[in-house]
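Here's a quick tour for anyone meeting this structure for the first time. Have a look at the model, then read on.

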Protein chains: 2
Amino acid sequence: MPDTTSHPSAELAEFTAQLAYEDIPPEVLRRTEDLMLDCVASILAGSSARSVQAIAHLADIMGPTSGPSENMVTRKTTSPLFAAMVNAASAHMVEQDDVHNGSVFHPAAVVFPPAIAVAQALGRSGPDLLTACVAGYEAGIRIGEFLGRSHYKVFHTTGTAGALASAVAVGRLLGLDKKQMLNALGSAGTQAAGLWEFLRDGADSKQLHTAKAASNGVSAAYLALDGFTGAQRILEGSQGMAAGMSTDADPSRLTDGLGSRWTVLETSFKFHASCRHTHPAADALQALMHTHGLGADQIASVVAQVHQGAIDVLGPVTHPVTVHQSKFSMGTVLGLIATHGRAGLPEFDAALHDAGIADFRSRVTMELDPEVDAAYPRQWLGKVRVQTTDGRSLAARVDEPKGDPGNTLSRPELEDKALRLGTYRNAATPAEVQALIGRIWGLADTSMVGRLLA
Amino acid sequence: MPDTTSHPSAELAEFTAQLAYEDIPPEVLRRTEDLMLDCVASILAGSSARSVQAIAHLADIMGPTSGPSENMVTRKTTSPLFAAMVNAASAHMVEQDDVHNGSVFHPAAVVFPPAIAVAQALGRSGPDLLTACVAGYEAGIRIGEFLGRSHYKVFHTTGTAGALASAVAVGRLLGLDKKQMLNALGSAGTQAAGLWEFLRDGADSKQLHTAKAASNGVSAAYLALDGFTGAQRILEGSQGMAAGMSTDADPSRLTDGLGSRWTVLETSFKFHASCRHTHPAADALQALMHTHGLGADQIASVVAQVHQGAIDVLGPVTHPVTVHQSKFSMGTVLGLIATHGRAGLPEFDAALHDAGIADFRSRVTMELDPEVDAAYPRQWLGKVRVQTTDGRSLAARVDEPKGDPGNTLSRPELEDKALRLGTYRNAATPAEVQALIGRIWGLADTSMVGRLLA
């Protein structure tokens, strides 16, 4: 029973501070390993990007040039704060990391980098690391759900809720008690930031958001260990996050099913290298083309029937001028699916100057669909209507995109994806990725977490 | 004339990137020196505080243990990012740094620490440093005004606008061009954070807000130099700061009087060691007691007639349990004024366990005053009503508190204040403060900024 001073933030802090490895179901631990592999492979895939390199350069200038934690972008070592910052910057770069549908939150990018960096710094065990990551997921996803759809209209939930998710994961590794954990939430929440405005210009801020969410969480947790205090109701208080950044926050979501509902199992793996909002329509178009045996040249126009959030995020991107921006262009994504049958990293690299893709893009529009919108964000329905060049009107829908919890990836599929991501632009050798896979699959038996890419 | 792609953020970026030392009036430069001395003395005064020490400890763990910039809290050196972070954490600790009334923004704490740290790292001249600080002030204050009163109800403007002010000051020292400066604003704005919720618990977040505003601004500017892009309309865009964090933002304030109106001249020095919202009533009570020759024991009750912002910030603090919290307690501040004739740092240290002060506090109430509220934040009127123990009803008002632009401090007064702050709890010796004063008064003739507390 919560005591009389209990409130949702405090219950969440208590649950995450006291979560025991033994209480976590094996399938949750295995899925956490799956997600960690997916994340580290994403870090490798993003590591050569200009914006990630800029953040790595900042870390080189401002941070220590060696330390106990692994910088997976530079392959050097540094302090946990900068390892978390740089690795998190890279984790979300290629848009291949996981997403939680209900919270529209990308937990992996802001949970694994800080947790791995701090576990390495403190010499923690594999089970300690897994427990910390589960705690980070369970907190971050519930906080994202709590902040709601109104928050996501302007704020990048992965940046905002991400700071608290990172703080919880790191706090667990530091052994924070429930009061310290609540202070860590307070310090993380009062640093929470990230605005969608950058999308309009195709600017680099998304990497900054994950980088700062991860590193701010590290700061918040270490400060809490040192006695630094934070607001006790940073989430639900009258001058807290919801008061400032949401109009539909629901405090009951913060503690929903703690200990019985495992949100780790609810996240989706990404199959397309694009913003998640494009995936349902991409899968629906792929299904439609398969069913009717259509080629790209037989498609006169496509209407992607979407939820409002997709229009908010993707709508401003009408003429993508960077590869990153093209991942937020519904027309580009559908063009790649129609033309190549997939929208992976190499396809996006080639798409920007492909006249055929640009032409297809001009034939794609988005339309708010009441059914899709009502189901969102619980369920990400995909619906498209297609006009063919020979005058047919076709339609298709998918109820659960590939990679979603009910349609998830097997370990062989995950290993294949990790190999493709990890070797993208020669970030790592196939042998290095195989060694990484072995280390992560063996975490439960690891007494001290070392470098994953040694 | 602005070109057709011009907009308020871009105009502000252009002005600050191109501001020339020669174009800044001498009185603005001299006031900037005044403010810098006030700030460094405040850093010294705050340096022994537990929350500041915790942030210094974080910097020791996470940052380099030596570097080109001066950590004025530990008296060691480190990278510019951590010097900015730790010095800014301390600058606002004792609540003796400056405030700009119209924006309810404390510019010094978030402008001088990053500017000094980066000037030291780059070996810039005194005039370069002064120019950068003026640019930071002119940007930060206008951004605070732009964000408006609705923003300040939930967000700590010094934390939010502060990140952009820091970015501009640092960007100027890095020699950013107008496009890079706009990118720096974008990266700073998307990191902008700071919620008032911590006040309810007397938590340590205020130090974190200034620390992170300063260091995030450093990151944003260095990233911009490296080609990292940010939103072009982070302030006024439809998913930017105002869209997410204000309901009364006025874009015209961003460019108001650029080049002719110098906001540096508009900030106020603090005379009491408390939240600025308490100062007008404190001065009015002091005037009333002086006029009528009253002692504290002759006062039965006080009504402080205030603006709504004072009620929002001070209202939750009914029973202060920390020295810091007592600086947000109107009753405590008025009790110190009545009892000791001043509310300085030593008075606050002694107040917490003083039964007489607690008793006086119980006789103080706040009341929303339409005249005071209408004048705010342009003017901070002080009004009090007093009931005396012998049954008299008295009232007093002040139009301009001591330290305000029309009632500012002379250089001897500033030097005296710096000496008191700098030697508080033996942070520095009187000789060190004298040397500091000499270095700052000599900045205009300094070819390379070195350590200020060598």
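Helix α9 of chain A is mostly covered, with 20 of its 21 residues buried. Keep in mind that this is a predicted model. The helix takes in residues 205-225 of chain A, and from its first C-alpha to its last it reaches 30 Å, close to the 30 Å expected at 1.5 Å a residue. After α9(A) comes A:G227, which has a positive phi, near 90°.

Now for the nonpolar side of things. The largest nonpolar core has 324 residues, and A:M36, A:L334, B:M36 and B:L334 are the ones with the most contacts inside it. Take A:M36: setting aside neighbours within four places in sequence, its contacts include A:F112, A:I116, A:L129 and A:I440.

Over in chain B, there's B:T388, part of strand β7, which covers residues 382-388. Is B:T388 buried or exposed? B:T388 counts as buried because its relative accessible area is 4%, and the cut-off for buried is under 20%. Its side chain reaches the backbone nitrogen of B:R392 at 2.8 Å. Leaving out neighbours within four places in sequence, B:T388 is also in contact with B:L294, B:Q298, B:A300 and B:L394.

Finally, a note from a record: an unreviewed UniProt entry places the feature "domain: MmgE/PrpD C-terminal" at residues 272-441 of chain A. Here's what that span looks like in the model:

| Residues 272-441 of chain A | Value |
|---|---|
| Distance between end C-alpha atoms | 24 Å |
| Helix | 47% |
| Strand | 15% |

Notes. Residues numbered from 1 in each chain as written. Chains lettered and ligands numbered in written order. Predicted model: local features only at pLDDT ≥ 70, side-chain atom pairs only at ≥ 80, totals over all residues. Heavy atoms only, no water. Core = buried A, V, L, I, M, F, W, Y, C linked by side-chain atoms within 4.5 Å. Buried < 20%, exposed > 50% of the residue type's maximum accessible area, 1.4 Å probe, protein only. Contact = heavy atoms within 4.5 Å. Helix = DSSP H or I, 4+ residues; strand = E, 2+ residues; numbered from the N terminus. Polar contact = N/O pair within 3.5 Å; in protein donor to acceptor, adjacent residues only side chain to side chain. UniProt positions renumbered as here; feature names shortened; annotations may be inferred. Expected span 1.5 Å × (residues − 1).
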